[in-house]
Amino acid sequence: MKKFIATVMALGIVGGALPAACPFAVETSAADDIFDPPVINDPLSSIGTPLPDYPERLLGDADKDGYISPYDASRTLNHLAMLSIGKTDAVSDETAAAMDTDPDGRIGASDAAHILRWCIKKPANAESDYKKSVISGHQNKEIAYDASSFINSSRYVDPSDSAVKPEITIDKVEKDASDAAGRQVKVNINLSGADLHYASAGFHLIYDDRLTLDNLKQPSEFYDSLIFSHGSIDKGNEFIGITDYENDSPDGILATATFTLPEDAESGDLYPIGIQYCEDERTFDCFGGVVNNAESQLMNSALFTNGISNGYISLVEFPTVPITEPQTAEYDIITESGITYYVYPSGSARVVDCAEDITGEVVIPDSINDVTVTHIDEAAFQGCSGITSVKIPVSVKNIAENAFSGCPLEKVTIINYNCTITGSDTFGDAEIHSYVGGSVEQWAKDNGKVFVPMSDVATIHDPTLKGDANLDDQVNIADAVLVMQVTTNPDKYAPGKSDVSIKAQGEINADVDGKAGLTNSDALLIQKFKLGLIRSFD
């Protein structure tokens, strides 16, 4: 998606020609306040001149179809873009006046933002059947998308002739119930099948009202989009609007919603999250191009009829390995260079404590007494006020919450780019140095930390790790699950069958039982290795 260098306030036009000397303003993006407005209950009171009801005026109706939708915002941006590069885009005085939603006598990106925000309002059918089904005695059940509200609407056309068949899927997230109460969970809203064919999207996100929506934003790869907007209709009903000035928007994650689970959340809870089509006398949800033409209408019908898969957050009991509990696991205690380790006969070691007088740079070894160091436990370095930097080896796969609480760290180097880091403030304000493309970089971005890329991840990636079926540089239950999927559903999971298939190298890595081909025996051995019942696959 291209970033548009918009003349936000510099263009003094109302549909006329571009002025001869036209200074460009700053790049506009979703980061600017006007393009990511605060969540408000009555958006019409906050945009300057309110948009009046139809049919008195056509303010905001750029395509003159009698409704306001993201199509109108895209059409306005398209008009502005054409003029800004010196191309002619003649519109009638009536259309130009409709685009000028400020109104300040000129057309700018702010007008498109106002049009999009017009869609953030309570529709006539806000108390939808979907929402009622979630609230009224049907919690803890997955709710399938109901296309009937769209099929029975004035927007429905037969989508069978649509060359573009977009699909929006909402993540189905499983969360460990043991620490879920009051915790935040991120859920992605994903788009596929419409790559570079759309410019406008507007839909209502409906979610279990036991959840609290804390944040809704675009991922980094969508920050080039000119306008992304959202607003609360009421509890459990959020409008999302995305608009651009050309049909060049990519597939990917449309938005990421961050929810807080209730304090009484417990195992067995399921919180449904889905999409509801809404339409009333003034506006409607849509998915399509710059304008509401025949191609856009087909795309719209293809999405809202057959292209939506709802999701949920589910709380389950994850299997646990009693490796950190002294009363249930045998281990040796070893202290070396001021760092204390629990060393287990299964072949792994954990950092559990350190001497408070350690100063300067700490380099954690990849093994202790020939046993691989794999974890740094919670509060392991807590109170070590003399530590200024730490280097963590590739062998370490997990760093627990508050592992370095109270340490005045300036720099943290993590060699395993896919290391799992728990907690949002594990390293304070230290710079995070690691390889690009892994979970460490994503953790730093998600938690507002400075990330310093080290070099190409390929320099430390080990593609031949025994048992690593999914090639994430770890051996865990996920690898065993993938092996079982391959054995039970080879048409989908065998190499080359689909985008979720096991890779050829992963198939080699997962074949650990000494017999040709993947079987449940391989899955069992991987589980035993993860649980510490065997030390190797040899």
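**View 1. Contacts across the whole chain.** Of the contacts in this chain with a separation of 6 or more, 64% link residues 24 or more positions apart; a contact here means heavy atoms within 4.5 Å. This is a predicted model, where local features need pLDDT of at least 70, side-chain atom pairs count only at pLDDT 80 or more, and totals for chains, interfaces and linings use all residues. Residues are numbered from 1 along each chain as its sequence is written, and side-chain values use heavy atoms, with hydrogens and water left out. The chain has eleven helices and 24 strands, which are DSSP runs numbered from the N terminus (helices are H or I with at least four residues, strands are E with at least two). Among its 538 residues, 51% are buried, and buried means under 20% relative accessible area, exposed means over 50%, and partly exposed is in between (1.4 Å probe, protein chains only).

**View 2. Helix H3, tucked inside.** All ten of the ten residues in helix H3 (residues 109–118) are buried, so the helix is largely enclosed by the rest of the structure. Among them are Asp111, His114, Arg117 and Trp118. What do they pack against? The buried residues of H3 sit against helix H1 (70–84), helix H2 (93–99), strand E6 (227–234) and strand E7 (237–243).

**View 3. A five-strand sheet.** Here five strands make an open sheet with mixed pairing, in the order E5-E8-E3-E1-E11. Strand E5 (212–217) and strand E11 (308–309) are the edges, each pairing on one side only. Two strands count as a pair if DSSP finds at least two bridges between them. Strand E3 (residues 184–192) and strand E8 (residues 252–260) run antiparallel over eight bridges, and lysine 186 stands opposite threonine 258 in E8. Strand E1 (residues 167–170) also pairs with E3 in the antiparallel sense, over four bridges; there, isoleucine 168 has leucine 191 of E3 as its bridge partner.

**View 4. Nonpolar cores.** A nonpolar core is a set of buried Ala, Val, Leu, Ile, Met, Phe, Trp, Tyr and Cys residues joined through side-chain atoms within 4.5 Å. The largest one holds 45 residues, and Phe259, Leu261, Ile273, Phe304 and Ile313 touch the most other members. A second, separate core of 37 residues includes Ile339, Cys354, Ile364 and Val440.

View 5. Most residues other than glycine have a negative phi. Is serine 337 buried or exposed? With a relative accessible area of 67%, serine 337 is exposed. Asparagine 402 also has a positive phi, near 60°, and belongs to the loop between strand E20 (398–399) and strand E21 (411–414). Asparagine 402 is partly exposed, at 29% relative accessible area.

**View 6. A nonpolar patch on the surface.** Ile477, Val481 and Met484 form this patch, with about 200 Å² of accessible area together. Patches take residues with over 30% relative accessible area and no salt bridge, joining like charges within 9 Å and nonpolar side chains (Val, Leu, Ile, Met, Phe, Trp, Tyr) within 5 Å. A salt bridge puts a side-chain nitrogen of Lys or Arg within 4 Å of a carboxyl oxygen of Asp or Glu, and accessible areas come from the Shrake-Rupley method with a 1.4 Å probe, where for residues only the protein chains shown count as cover. Valine 481 lies in helix H8 (residues 477–488) and is partly exposed, with a relative accessible area of 36%.
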